[in-house]
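Please keep the sequence and the model in view while reading.

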Amino acid sequence: YTILALLVPFYLFLLIKNPEFSKAKLPPGNLGWPVLGENVDFASGGPRKFIEERMSKYSSQVFKTSFMGEKVAVFCGPAGNKFLFSNEDKTVTSWLPRSMRKALLFPTYVDVPMKEVGALQHSFLHEILKPEALKKYIPVMDAMARKHLDAEWAPFEEVKVYHLAKKYTFALACRLFLNIEDPEHVKRLSDPFARVMNGLFSIPLDFPGTAYNGAIKGGNKVREELLKIVTNRKKELVEDESSAGRDLLSRMILVKDEDGKLMNEMEICNNIVGLLVASFDTTSCAVTFVLKYLSELPHIYEKVYQGKLIVQYQGFYVYS
């Protein structure tokens with residue numbers, strides 16, 4: 001009862017003091033409860049249900065909400081996506097909620113604007129993602145995929161695709177980004193990273209036993225391990241400069257901004273973390289859905305299985 005008595009006047013105070021309810025030109029929507037926002041609805045129903053309900057209730061183009069301690073405008077549909085992705089570093093810039101930055105990034109760098117490192121990222125990310133560069137990765141990807149299928153898929157009659165896809169894509173990311181091949185070393189990164197991802201979109205309450213607390217502890221472990229890798233790689237590059245182009249990490253260590261300044265260890269680790277996030281969930285989701293649709297389309301599956309040409313796209317020939 002004491003807690004309730006304190007919360008009610010606090011909530012009324014926020015309603016009175018916050019001018020956005022009457023003056024600001026904001027999209028339609030609901031900010032939910034103070035502090036909690038709409039976290040409970042987001043977590044209980046899942047992202048898809050959460051977004052679809054608000055698109056139906058408020059707007060199919062854009063609506064406001066609040067979760068993970070932040071007020072958010074959610075853009076929906078083709079027009080919203082076009083606006084966001086065609087205005088990068090113009091009217092919009094990359095950003096992470098405080099709760100996510102606390103779990104993922106180094107605390108001393110959580111408030112560095114993403115735009116400040118954006119130009120430096122593009123200087124090498126654009127280069128390594130060119131079709132000519134991607135072709136060089138195909139033999140490694142193919143060899144790792146075959147080895148993974150032989151060990152994790154072939155011996156079993158039934159497998160959980162999403163779990164195994166995450167295991168493969170994370171191991172591949174470690175190989176291409178960090179030149180790490182040892183399964184035990186990969187596991188020292190993947191286990192705490194899984195804890196981060198499991199608690200990343202939970203209610204940001206940092207108490208023992210909560211998913212968010214587990215995400216913060218996992219993030220600490222990931223950063224600790226990455227710092228060791230970056231420090232060791234710097235020593236290797238000093239001793240042998242010929243290894244500079246073997247992976248993304250080496251190139252990050254050596255890349256300079258317009259003033260000739262190198263990134264420090266924490267900035268490098270934060271960039272690596274961002275790339276690992278992309279490899280851990282989004283890529284594995286895509287792999288999972290590809291396999292799902294192949295299982296539903298046996299005529300396409302047979303062509304893939306036989307290694308026949310399926311499609312030609314921007315100079316790439318897609319085979320099995």
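A nonpolar core is a set of buried Ala, Val, Leu, Ile, Met, Phe, Trp, Tyr and Cys residues joined through side-chain atoms within 4.5 Å. Buried means under 20% relative accessible area, exposed over 50%, and partly exposed in between (1.4 Å probe, protein chains only). The model is predicted: local features need pLDDT of at least 70, side-chain atom pairs count only at pLDDT 80 or more, and totals for chains, interfaces and linings use all residues. Residues are numbered from 1 along each chain as its sequence is written, and side-chain values use heavy atoms, leaving out hydrogens and water.

The largest nonpolar core has 41 residues, of which Phe-170, Phe-177, Leu-178, Leu-189, Leu-226 and Ile-268 touch the most other members. Two or more residues each come from α4 (98-104), α7 (161-178), α8 (183-199), α9 (211-239), α10 (248-254) and α11; these helices are DSSP runs (H or I, at least four residues), numbered from the N terminus. The largest share, 9 residues, is given by α7.

Leu-226 is in contact (heavy atoms within 4.5 Å) with Leu-178, Leu-189, Cys-269, Ile-272 and Val-273, residues up to four places away in sequence not being counted.

Tyr-293, by contrast, is partly exposed, because its relative accessibility is 44%. This residue lies in helix α11 (residues 265-296).
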